[in-house]
Amino acid sequence: MKNIYLAIILFISFIPCKTIFAQAFTAWGDQGNGTYVNPILNADYSDPDVIRFQDKYYMVSSDFHYIGMPVLESDDMVNWKIISQIYDRFDFPKWEENGRYAGGSWAPAIRYHDGKFWVFFCTPDEGLFMSNATDPAGPWSKLTHVKDVPKWEDPCPLWDDDGQAYLGRSQKGAGPIIIHKMNPEGTELLDEGKTVYTGPVAEGTKFLKKDGYYYLIIPEGSVHAGWQTVLHSKNIYGPYEKKVVLEQGSTDINGPHQGALVDTPEGEWWFFHFQQTEPLGRVVHLQPVFWKDGWPYMGVDIDMNGIGEPVRVWKKPNVGKIFPISFPQTDDDFSSPQLGLQWQFNHNPANDAWSLTDRKGYITFHALKADNLRNARNTLTQKSMGYIGEAVVKMDIRELAEGQRAGLCCMGNLFNGIGIVRENGKNFLYLEKHGEIEKLHPIKGTDIYLKASLNAITNEHQLYYSLDNKNFTPCGNAYALKFGFWKGSRIGLFSYNTIEENGKVYFDWFRYKHDGSSVR
């Protein structure tokens with residue numbers, strides 16, 4: 001233990017005090033000076049799981065009712081980009097009618113085995129799913145519905161040294177931890193499973209085998225205020241010894257738990273976990289790890305009670321090289337024949353009602369019938385990112401139909417947006433406030449610019465419009481968003497019609513800048 005405290009003292013000594021305190025609440029990610037500030041991903045990549053393959057790292061996370069599950073890649077564990085999505089729909093009726101809010105993918109696991117990358121996850125209503133790929137950039141196989149069963153969650157596979165495959169998982173409501181035998185192809189469970197651990201809201205099962213021990217890396221406690229537990233045993237079915245290895249302690253990082261324990265080629269170990277915040281959701285932190293007597297110690301034991309506490313600032317992982325600062329994609333000019341990987345539809349898309357080829361350089365939405373934004377099909381979203389951000393979109397409204405609404409949404413627990421509504425043959429600027437409509441004034445012309453400013457520090461979201469992309473007028477009051485349906489805040493594009501399936505809208509470009517680059 002003396003070594004880790006010495007390392008802390010030495011590390012802090014070469015960072016100017018002004019730097020530490022200036023970064024404490026406004027900086028995040030790679031600082032460009034060999035250090036990083038948590039969170040490393042200041043966006044809702046909830047329940048992250050990460051693996052290393054050779055010298056690269058791959059991440060997946062829960063996406064619930066948003067379609068796709070992006071796969072992220074990193075060279076250094078701190079800077080990430082999106083390289084693929086795993087699926088494009090769920091083939092069940094309620095997914096065609098926005099009927100699965102808070103459903104969908106819960107706490108996935110990613111592993112590498114037998115020349116393939118494997119992802120397993122459960123949905124609370126439909127059961128256990130699996131997909132695999134020889135390249136994490138895709139293509140990924142069509143989802144295999146391994147087991148049709150409700151109320152399972154958080155699965156993770158393990159292929160043992162003798163070739164036997166296992167799957168650990170928990171139950172909706174959290175716990176107990178159950179282990180099944182599985183066929184090597186990952187397509188069938190071979191028994192009803194055996195309970196190996198029961199704890200306080202024990203879930204998020206992640207398998208690791210190291211030095212002859214089976215490890216179960218599990219979160220316990222609540223989403224907002226839980227802690228990280230590690231179990232180990234020489235037998236996969238136990239009995240397991242238990243150690244709490246990470247807690248909030250004296251820090252302001254609440255609920256540091258549920259994630260992935262990963263090594264570098266140089267032999268360092270690190271732990272990814274989430275922190276639930278308002279309004280961004282569950283953002284991703286990275287903690288240093290050292291091993292002692294067969295246990296991983298995470299973070300720094302500031303209060304010396306034997307349990308680590310999360311760090312805010314730390315030296316970046318030693319991966320042998322320095323890589324450029326990067327972030328998951330945001331902007332889109334819609335010039336590609338494929339949709340940008342940052343985009344996710346709310347529930348299943350209606351693919352015959354949107355297009356990137358109808359009009360070159362635009363994304364076109366053909367309005368489907370709905371009564372409000374919550375129920376609108378083909379709402380296209382991406383995660384809000386950073387403490388401060390601004391999103392602007394250019395929208396062509398020349399082919400709106402009577403009853404059509406289209407615009408820019410900024411939503412979380414509330415379904416809010418700004419846009420154009422067509423009534424009585426005229427276009428009007430309007431605000432949508434969680435199902436309530438405020439019609440503002442007529443709009444002439446064919447193009448309009450819509451903007452959302454996002455401040456996660458004060459939890460204020462302000463909507464604007466402009467006719468020239470220079471002078472923006474605020475509309476309505478700034479509003480607060482909260483974590484809702486297990487997801488953090490999002491921005492996106494929408495179009496629907498309250499009368500009939502009729503009308504088109506064209507989005508020319510979308511630009512989203514955030515504060516991740518403010519200290520670069």
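Is Gln276 buried or exposed? Gln276 is buried, with a relative accessible area of 13%; buried here means under 20% relative accessible area, exposed over 50%, and partly exposed in between, using a 1.4 Å probe and protein chains only. The model is a predicted one, so a word on the ground rules: local features need pLDDT of at least 70, side-chain atom pairs count only at pLDDT 80 or more, and totals for chains, interfaces and linings use all residues. Residues are numbered from 1 along each chain as its sequence is written, and side-chain values use heavy atoms, with hydrogens and water left out.

Gln276 sits in strand 20, which covers residues 269-277. Strands (E, at least two residues) and helices (H or I, at least four) are DSSP runs, numbered from the N terminus. Setting aside residues up to four places away in sequence, Gln276 touches Val223, His224, Asn254, Gly281, Arg282 and Phe483, where a contact is a pair of heavy atoms within 4.5 Å.

Two strands pair if DSSP finds at least two bridges between them. Strand 21 (residues 281-292) and strand 22 are joined in the antiparallel sense by four bridges, and Phe290 faces Tyr297 of strand 22.

Another open sheet is built from four strands in the order 3-4-5-6, again with antiparallel pairing. Strand 3 (49-53) and strand 6 (81-85) are its edges; each has a single partner strand, so one side of each is left without a neighbour in the sheet. Neighbouring strands here are turned by 30 degrees against each other on average, direction ignored.

Going across that sheet, strand 3 and strand 4 run antiparallel and share five bridges, with Phe53 opposite Lys56 in strand 4. The hairpin of these two strands has two residues between them, and Gln54 takes a positive phi near 55 degrees there. Strand 4 (residues 56-60) is mostly covered, four of its five residues being buried. Three bridges then link strand 4 to strand 5, also antiparallel, and Tyr58 stands opposite Glu73 in strand 5. Finally, strand 5 (residues 70-74) meets strand 6 over four antiparallel bridges, where Val71 lies opposite Ser84 of strand 6.

A run of hairpins comes next. Strand 15 and strand 16 are antiparallel and joined by five bridges; Lys209 stands opposite Tyr214 in strand 16. Their hairpin has two residues between the strands, and Asp211 takes a positive phi near 55 degrees in it. Strand 16 (residues 213-220) is mostly covered, with seven of its eight residues buried. Strand 16 also pairs with strand 17 (residues 227-233), antiparallel and over seven bridges. Leu216 has Leu231 in strand 17 as its bridge partner. Six residues lie between the strands in this hairpin, where Gly221 has a positive phi near 85 degrees.

Tyr240 is placed in the loop between strand 17 and strand 18 (241-246). Why does Tyr240 count as buried? Tyr240 counts as buried because its relative accessibility is 14%. Tyr240 and Leu216 are 24 residues apart in sequence, and their C-alpha atoms are 8.9 Å apart in space. Leaving out neighbours within four places in sequence, the contacts of Tyr240 are Ile179, Val196, Tyr214, Leu216, Leu231, His232, Ser233 and Asn235.

The largest pocket has a volume of about 580 Å³. A pocket is an open set of points on a 1 Å grid over the protein atoms alone, with protein on both sides within 12 Å along at least five of seven lines, and lining residues have an atom within 4 Å of a point. The largest pocket is lined by 22 residues, of which Ile51, Arg111, Phe207, Leu208 and Lys209 lie nearest its centre. Elements giving two or more residues to this lining are strand 3, strand 7 (106-113), strand 11 (152-159), strand 15 (206-210) and strand 19 (257-263).

Notes:
Axes fitted to C-alpha atoms, helices over the stretch in contact; angles between N-to-C directions. 1 Å grid on protein atoms, 1.4 Å probe; cavity = no way out; pocket = protein on both sides within 12 Å on 5 of 7 lines; lining within 4 Å. Points joined across faces, edges and corners; volume = space filled by probe spheres on them.
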